[in-house]
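This briefing summarises selected structural features of the protein shown below.

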Amino acid sequence: MQYKKQVLGLFITTTTIFALIVALGELFDSQCNSAVGFFDDLCHNSSNIQLFTQPIALLSLSLIIILPPLYFFRGEIYLAWRKFTLWYLPIVAILLIIARPSGGGMSFGFDRESLSFHFSAYFVIVSLVIIAVKSWKLRGK
């Protein structure tokens, strides 16, 4: 039952991170329309802020999709998924940091924006496969 606390904690944390990123994005968008004072400088740098927050928001959304089903499965399924996640997320974070920023000519899909979309989709797909295979293997036990 300890894993249920971990899943619930991860879900609350990722939901909070996602909500904060969305709220900050809305704040910047609303303030950039009037662009007065402090927000004038931020609006000129908003593309830099989006380059940082978009991958985090997409990976958070991926976790929000995966975590609720994990709460209802057995602990072994969660541990198998967690093992994958502990390898996947740091590698993806490094690749996103190394990737060139979005925009600017022909990037052939290897900019931060497209990579964050792809890596988030791969994360959901592989996570669902791991959950399905592990639950099928543990079905009779």
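One aromatic cluster is formed by Tyr3, Tyr78, Trp81, Phe84, Tyr88 and Phe123. In this predicted model, the count of aromatic pairs comes to seven. One of them joins Tyr78 and Trp81, whose rings are tilted, with 6.1 Å from centre to centre and 35 degrees between the planes.

**Aromatic residues**

- Tyr78 and Trp81 are three residues apart in helix α4, and therefore about one helical turn separates them.
- Tyr78 and Trp81 are both buried.
- The tilted label for the pair of Tyr78 and Trp81 follows from the 35 degrees between their planes, because planes under 30 degrees apart count as stacked and those over 60 as edge-to-face.

**Overall fold**

- The secondary structure of the protein consists of five helices and zero strands, and along the sequence the pattern reads α-α-α-α-α.
- The protein has 141 residues, of which 30% count as buried.
- Among contacts in the protein with a separation of 6 or more, 70% are between residues 24 or more positions apart.

**Packing of α4 and α5**

- Helix α4 spans residues 75-98 and helix α5 spans residues 112-137; the two pack at an angle of about 165 degrees, and their axes are 10 Å apart.
- Angles over 145 degrees count as roughly antiparallel, so α4 and α5 are roughly antiparallel to each other.
- The crossing in which α4 passes α5 is right-handed.
- On the α4 side, the contact is made by Glu76, Ile77, Ala80, Trp81, Phe84, Thr85, Tyr88, Leu89, Val92, Leu95, Leu96 and Ile97.
- On the α5 side, the contact is made by Arg112, Leu115, Ser116, Phe119, Tyr122, Phe123, Val126, Ser127, Ile130, Ile131, Lys134 and Ser135.
- Classified by residue type, the contact of α4 with α5 comprises 17 nonpolar, four polar and three charged residues.
- Members of the aromatic cluster, including Trp81, Phe84, Tyr88 and Phe123, also take part in the contact between α4 and α5.

**Val7 in α1**

- Val7 belongs to helix α1, which covers residues 2-34.
- The relative accessible area of Val7 is 2%, so this residue is buried, the limit for that class being under 20%.
- Leaving out residues up to four places away in sequence, Val7 touches Leu67, Leu70, Tyr71 and Tyr78.
- Val7 and Tyr78 are 71 residues apart along the chain, and 8.3 Å separates their C-alpha atoms.
- Tyr78, touched by Val7, is itself a member of the aromatic cluster.

- With a relative accessible area of 2%, Ser116 is buried.
- Leu128 and Ile66 are 62 residues apart in sequence, and their C-alpha to C-alpha distance is 7.5 Å.

Methods
Residues are numbered from 1 along each chain as its sequence is written. This is a predicted model: local features need pLDDT of at least 70, side-chain atom pairs count only at pLDDT 80 or more; totals for chains, interfaces and linings use all residues. Side-chain values use heavy atoms; hydrogens and water are left out. Axes are lines fitted to C-alpha atoms, for helices over the stretch in contact, and angles run from 0 to 180 degrees between N-to-C directions. Helices (H or I, at least four residues) and strands (E, at least two) are DSSP runs, numbered from the N terminus. Angles under 35 degrees count as roughly parallel, over 145 as roughly antiparallel, 65 to 115 as roughly perpendicular and the rest as oblique. A crossing is left-handed if the near helix is turned anticlockwise from the far one by less than a right angle, and right-handed if clockwise. Contact means heavy atoms within 4.5 Å. Ala, Val, Leu, Ile, Met, Phe, Trp, Tyr, Cys and Pro count as nonpolar, Asp, Glu, Lys and Arg as charged, and the others, Gly among them, as polar. Rings of Phe, Tyr and Trp (its six-membered ring) pair if their centres lie within 6.5 Å; planes under 30 degrees apart count as stacked, over 60 as edge-to-face and the rest as tilted. Buried means under 20% relative accessible area, exposed over 50%, partly exposed in between (1.4 Å probe, protein chains only).
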